[in-house]
Amino acid sequence: MADEAPPDPDSLQIPGDHLSAPSSPATARNDCSITPLTPSPSPRVEVRPRMSCPFSVVVAIDFGTTSSGYAFSFTQDSEAIHMMKRWEGGDPGVANQKSPTCLLLTPELKFHSFGFAARDFYHDLDPEEARHWLYFDKFKMKIHSTSDLTMETELEAVSGRKVRAIEVFAHALHFFREHALKEVKDQSVITVWRQPAKQFMREAAYLAGLVSPDCPEQLLIALEPEAASIYCRKLRLHQVLDLSLQPITNGFDLEGSRPFESSFRQAREQLRRSRHSRIFLVESGTGELWSELQTGDRYIVADCGGGTVDLTVHQIEQPQGTLKELYKASGGPYGAVGVDLAFEAMLCQIFGEDFIKSFKAKRPAAWVDLTIAFEARKRTAAPGRANALNISLPFSFIDFYKRQRGQSVEAALRRSNMNIVKWSSQGMLRLTQEAMNELFQPTISNIVKHIEELVAKPELQGVRFLFLVGGFAESPMLQKAVQRAVGRTCRIIIPHDVGLTILKGAVLFGLDPTVVRVRRCPLIYGVGVLNRFVEGRHPRDKLLIKDGREWCTDILDRFVCVDQSVALGEVVKRSYTPARLGQRKIILNIYCSPSEDVTYISDPGVRKCGTITLDLPEPLPLPGAVGGAGGEAEEEEEQEEGGGGGPERREIRATMQFGDTEIKVTAVDVMSNRSVRASIDFLAN
């Protein structure tokens, strides 16, 4: 039984303590060894002054699901954003300002290459040799789709071999570090979106040598939809496509003279021609589009990336131009990868799931070829397109199928009765408009539904703009669907350089992290404490007896609640006292939960996300014992009973700083002035 376990020398249990039955689990008893010193019905707040930027250069890394890249800006010339050097290789007709997020390791698990170089080298390997190499593609999705992300989470290569995810990400970040160092070296910004992903990327950055753990302030984690929002503040009218000015009927304008996506294609072509300079100029203040907004106006940013679609709502704070997060960032796995998965499912339906699985395992390089061919054609899909899209099948696919099944792929198509996919004698699958609609529709429907639900919320009435950003926002299929759904309620704006919006916004965020002044807290945060046990109010299984006093253990003392607005630099304070006299160590455990309906740290959905260990020097000898009573709902008379006539109780002051994209926690022993920062760990098992 847990009660009979030998005492842990680092725990806060009293040797020889008699613990009553029933009692809470040993982990909970060790977790809760402090009590609130004073009632704290509401947080006390301190707002820190804005700090001046101590760096000369800011480098931003946009680590995307399908493509990644970096950009930088000098703080003395913050109106110029410098893009990274053009990548070697790439696909014809595709702007290669960023590199595909794919990485190649040797059979000995050594880093070989990243991006186009990794993809092209893997493609040229002999099929038998390729089975021993480790090729990872679109691997960022793992840290978004894994609910229990830890330092031991693994990624599976195309060949089936597995490697720790943290090592793969570290290799990728190290690659960007080496490239960026050839141009600049200073503060770095990395873009992610979920809290565990923030810490995961920070740990990977340390492992990659991007920054030192001793200088954590040199690395900022930017939220992707937030970075996009920051850049949208700078847009001029000639830098955007306003869908509200593009009335459409069946994919064409009212005169029928111009395809729906033609102006967007022209903008992309103009952008492609201008990229030889690799320098983009931004407004020193706010852009012309922003001048149309007034104090209190709100807008939505829909970041439609490869893996996820993330929405955030910001409100304008004029005249200072700062932003307030009105609705906490939300999203789902509705990115462009969903179309790829639908294409793979279609192939399984035609050729058999077992064959596709075998082909991917035994001809991995050819499978990559097939996905590249689909990606290139997917970009050209548009509503109202009359002719079919041709997808080239690699010769090894055609040959492998005939060897495995003893018949041609054309025969397989006929047998499948899938009339929306035809066969071309030139060795191509011909996808009709109906087939493309089937591939796009599930993903696009999820995106539109999410946007419609957000716009319909009563607290978000009056949204004036919807900024559509991210690589998937280039798709005319998505543009038309969003315009049809919400085009009559708000203006839909798409930046011309839509795939680089997050990257540029991350640079701007690094230059001024204070631009978003108020954020919504996505979780409850608090610490585990002991409270005076109240019969009839607290459950008996939480009863703990120490030194003859009855305690309720496992209580979550909240610092901040779900969806609570927190200002930049806002510091919430709590004061605690050791549960017994003479403790030499305080272990203060930090917990979080996405649900408001929690009371105890053992409730479903509550998880430990950080720990502070604070050594306490021996105080001067004082007569008598200190009462350990205390609690978040403790009566004033109990406070007097615990402290009246005895020595002053030792104060441990805990603070949580909110409002930044990451949370900072400290604890201070007031008597000795010793302090320690928390290790917020969202990756613990």
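Buried residues are those under 20% relative accessible area, exposed residues those over 50%, and partly exposed residues those in between (1.4 Å probe, protein chains only). By this criterion Thr553, at 0% relative accessibility, counts as buried. The model is predicted, so local features need pLDDT of at least 70 and side-chain atom pairs count only at pLDDT 80 or more, while totals for chains, interfaces and linings use all residues. Residues are numbered from 1 along each chain as its sequence is written, and side-chain values use heavy atoms, with hydrogens and water left out.

Thr553 belongs to strand 29 (residues 549–560); helices (H or I, at least four residues) and strands (E, at least two) are DSSP runs, numbered from the N terminus.

Ser575 is placed in strand 31 (residues 570–578) and is buried, with a relative accessible area of 7%. Its side chain is joined to that of Glu651 by a polar contact of 2.6 Å. Arg650 is found in the loop between helix 17 (636–643) and strand 34 (652–658), and at 15% relative accessibility Arg650 counts as buried. The side chain of Arg650 makes a polar contact of 2.8 Å with the side chain of Asp669, and a polar atom of the Arg650 side chain lies 3.0 Å from the backbone oxygen of Pro617. Another arginine, Arg574, lies over the face of Phe559, at 5.2 Å from the ring centre; a charge sits over a ring if NZ of Lys or CZ of Arg is within 6 Å of the ring centre and within 35 degrees of the ring normal.

A search of the whole structure finds 24 aromatic pairs. Phe355 and Phe359 form one that is stacked, with 6.1 Å centre to centre and 20° between the planes. Rings of Phe, Tyr and Trp (its six-membered ring) pair if their centres lie within 6.5 Å; planes under 30 degrees apart count as stacked, over 60 as edge-to-face and the rest as tilted. Because Phe355 and Phe359 are four residues apart in helix 10 (residues 353–362), they are separated by about one helical turn. Phe355 is buried at 2% relative accessibility, and Phe359 is buried at 0%. A stacked pair is also formed by Phe465 and Phe467, at 5.9 Å centre to centre and 20° between the planes; both of these residues are buried. Phe355 and Phe359 belong to one aromatic cluster together with Phe351, Phe397, Phe400 and Tyr401.

The largest nonpolar core has 99 residues, and those with the most contacts inside it are Phe351, Val421 and Leu431. A nonpolar core is a set of buried Ala, Val, Leu, Ile, Met, Phe, Trp, Tyr and Cys residues joined through side-chain atoms within 4.5 Å. Helix 14 (residues 433–455) supplies the largest share of this core, ten residues. Residues up to four places away in sequence not being counted, Leu431 touches Phe343, Phe374, Ala388, Leu389, Ile391, Ile420, Val421, Met436 and Leu439, where contact means heavy atoms within 4.5 Å. Another core, of 41 residues, lies apart from the largest one and has Phe139, Val163, Ala165 and Ala204 among its members.

Helix 15 (residues 476–486) is mostly covered, with eight of its eleven residues buried. Those buried are Pro476, Met477, Leu478, Gln479, Lys480, Val482, Gln483 and Val486.

Leu109, in the loop between strand 7 (102–105) and strand 8 (111–114), has a positive phi of about 70° although it is not a glycine. Leu109 is partly exposed, at 39% relative accessibility. Asn417, in the loop between helix 13 (409–416) and strand 22 (421–424), has a positive phi of about 60° and is exposed, at 62% relative accessibility.

Note on methods:
Polar contact = N/O pair within 3.5 Å; in protein donor to acceptor, adjacent residues only side chain to side chain.
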